[in-house]
Amino acid sequence: MGWLESVFFRPWNVRMTAKLDTGANTSSLHAERIERFSRNGEKWVRFALGRGDDHKKLAVERPVIRMANIKQHGKGSSQREVVKM
């Protein structure tokens, strides 16, 4: 696989370019307008995917599967939501 690949998101039928890490179990996506909320007592997250104008971005809502610690060089670590796409 290449560093940049075309990925297809279902059920939205949207194709985007993604950076893949073949040595990792999960991959990350750049998300904007992240909102955390509860639905039926479970943690969920709502976010926008894509670049450019807001009206071209994909609005996504997914249940949170787990939290991941993300290490950033020189900035310490932070927690991020993990969702299944």
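The legends below describe close-up views of a predicted model.

**View 1. The pairing of strand 3 with strand 4.** Strand 4 comprises residues 42-49 and runs antiparallel to strand 3, the two being joined by seven bridges. Within this view, serine 38 can be found opposite lysine 43, a residue of strand 4.

View 2. Lysine 57 belongs to the loop that lies between strand 4 and strand 5. Its relative accessibility is 14%, and lysine 57 therefore counts as buried, the cut-off for that class being under 20% relative accessible area. The side chains of lysine 57 and glutamate 32 make a polar contact at 2.2 Å.

**View 3. The hairpin of strand 6 and strand 7.** Strand 6 (residues 66-72) and strand 7 (residues 76-82) run antiparallel and are joined by seven bridges; among the paired residues, asparagine 69 has glutamine 79 of strand 7 as its bridge partner. Three residues lie between the two strands of this hairpin, and in the turn glycine 74 has a positive phi of about 80 degrees.

Terms used:
Residues numbered from 1 in each chain as written. Predicted model: local features only at pLDDT ≥ 70, side-chain atom pairs only at ≥ 80, totals over all residues. Heavy atoms only, no water. Pairing = 2+ DSSP bridges. Helix = DSSP H or I, 4+ residues; strand = E, 2+ residues; numbered from the N terminus. Buried < 20%, exposed > 50% of the residue type's maximum accessible area, 1.4 Å probe, protein only. Polar contact = N/O pair within 3.5 Å; in protein donor to acceptor, adjacent residues only side chain to side chain.
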